[in-house]
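Colleague: I want to learn to read a fold from its coordinates. Please walk me through one.

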Amino acid sequence: MRTHALISVAAITGLLVLSGCASKVTQPEKYSGFLKDYSGLQETTSATGKPVLRWVAPGFDPAKYDSIVYHPVTYYPVAKPTKQITQQVLDGVLTYTNTKLKAAAAARKPLVTSPGQHSLIFRGAITGVDASKQGLQFYEVVPVAMVVAGTQMATGHRTMNTHLYFEGELIDAQTNAPVLKVVREGEGKDLSNENAPVTVDAMKQVIDGMATDATLFDISKR
């Protein structure tokens with residue numbers, strides 16, 4: 001009877017742990033300040049099924065615009081290399097992001113260097129790249145397994161999740177007012193342990209997803 005009770009408690013605890021990790025949208029405490037205003041952001045789903053925070057200005061119609069001024073994505077705030085994320089990797093992630101997102105923008109509208117009367121201005125930033133210990137899996141909540149999981153964490157052998165945080169907006173060139181804002185968190189490839197370096201390749205799936213979503217975004221399905 002006692003064993004059954006322990007398993008029941010573990011099961012309930014496991015559900016709570018998993019539900020706490022289910023949300024993949026950027027939490028307010030991780031907003032960088034790159035966007036001037038975060039009010040109105042609503043949780044929704046991207047074209048590829050990823051959870052994102054998005055705001056669209058009432059009446060925004062992409063068909064009214066004939067070009068996009070692409071401002072290269074930057075790091076905000078300025079990224080500082082670490083032992084796990086080197087400057088070379090930071091540069092590589094930024095280059096890959098700009099290559100993919102610029103191509104996605106060009107697939108929507110012709111790119112121009114100077115805004116016209118019917119231009120949109122794109123500006124975006126990578127606001128964080130990090131690696132964190134993977135959350136407990138359901139089966140690890142059983143008391144004995146928690147001891148094993150704790151040992152793995154203490155010895156640095158626990159799998160690490162990688163994340164990339166992005167904030168971006170489209171601005172009406174004539175009014176200088178935002179017409180669309182996006183804040184999203186993407187999960188890259190897992191690292192084998194906390195000493196494993198973050199690589200550009202680990203982040204590519206996140207960036208590819210952002211580019212695909214930018215290309216496929218349908219205002220009618222916002």
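**Strands, helices and packing**

Modeller: Two strands pair if DSSP finds at least two bridges between them. This is a predicted model, where local features need pLDDT of at least 70, side-chain atom pairs count only at pLDDT 80 or more, and totals for chains, interfaces and linings use all residues. Residues are numbered from 1 along each chain as its sequence is written, and side-chain values use heavy atoms, with hydrogens and water left out.

Colleague: How many bridges join β7 to β8?

Modeller: Nine, and the two strands run antiparallel. They form a hairpin with five residues between the strands, where Asn 176 takes a positive phi near 60°.

Colleague: How are the elements named, and what is the pattern along the sequence?

Modeller: Helices (H or I, at least four residues) and strands (E, at least two) are DSSP runs, numbered from the N terminus. The protein has four helices and eight strands. Its pattern reads α-β-β-β-β-α-β-β-α-β-β-α.

Colleague: How do I read the two faces of a strand?

Modeller: In a regular strand, side chains alternate between the two faces of the sheet. Take β7, residues 160-172. Met 160, Thr 162, Leu 164, Phe 166, Gly 168, Leu 170 and Asp 172 point one way. Asn 161, His 163, Tyr 165, Glu 167, Glu 169 and Ile 171 point the other way.

Colleague: Which other strand pairs with β8?

Modeller: β2 does, through four bridges, and the two run antiparallel. Trp 55 is partnered with Lys 181 of β8. Strand β2 (residues 51-56) also has four bridges to β1 (residues 42-45), again antiparallel. There, Gln 42 sits opposite Arg 54. β1 and β2 make a hairpin with five residues between them, and Gly 49 in the turn has a positive phi of about 90°.

Colleague: Why does Thr 26 count as buried?

Modeller: Its relative accessibility is 3%, so Thr 26 counts as buried. It lies in the loop between α1 (2-22) and β1. For contacts, the test is heavy atoms within 4.5 Å. Leaving out residues up to four places away in sequence, Thr 26 touches Tyr 31, Leu 53, Tyr 165, Val 183, Arg 184 and Glu 185.

Colleague: How do I check a helix length?

Modeller: The expected span is 1.5 Å times one less than the number of residues. Helix α2 (residues 87-108) has 22 residues and should span 32 Å; its end C-alpha atoms are 32 Å apart, which agrees. Helix α4 (residues 200-216) has 17 residues and reaches 24 Å, close to the 24 Å expected.

Colleague: And packing between helices?

Modeller: Two packed helices are described by the angle between their axes and the distance between the axes. Axes are lines fitted to C-alpha atoms, for helices over the stretch in contact, and angles run from 0 to 180 degrees between N-to-C directions. α2 and α4 pack at about 15°, with axes 9 Å apart.

How values were computed: Buried < 20%, exposed > 50% of the residue type's maximum accessible area, 1.4 Å probe, protein only.
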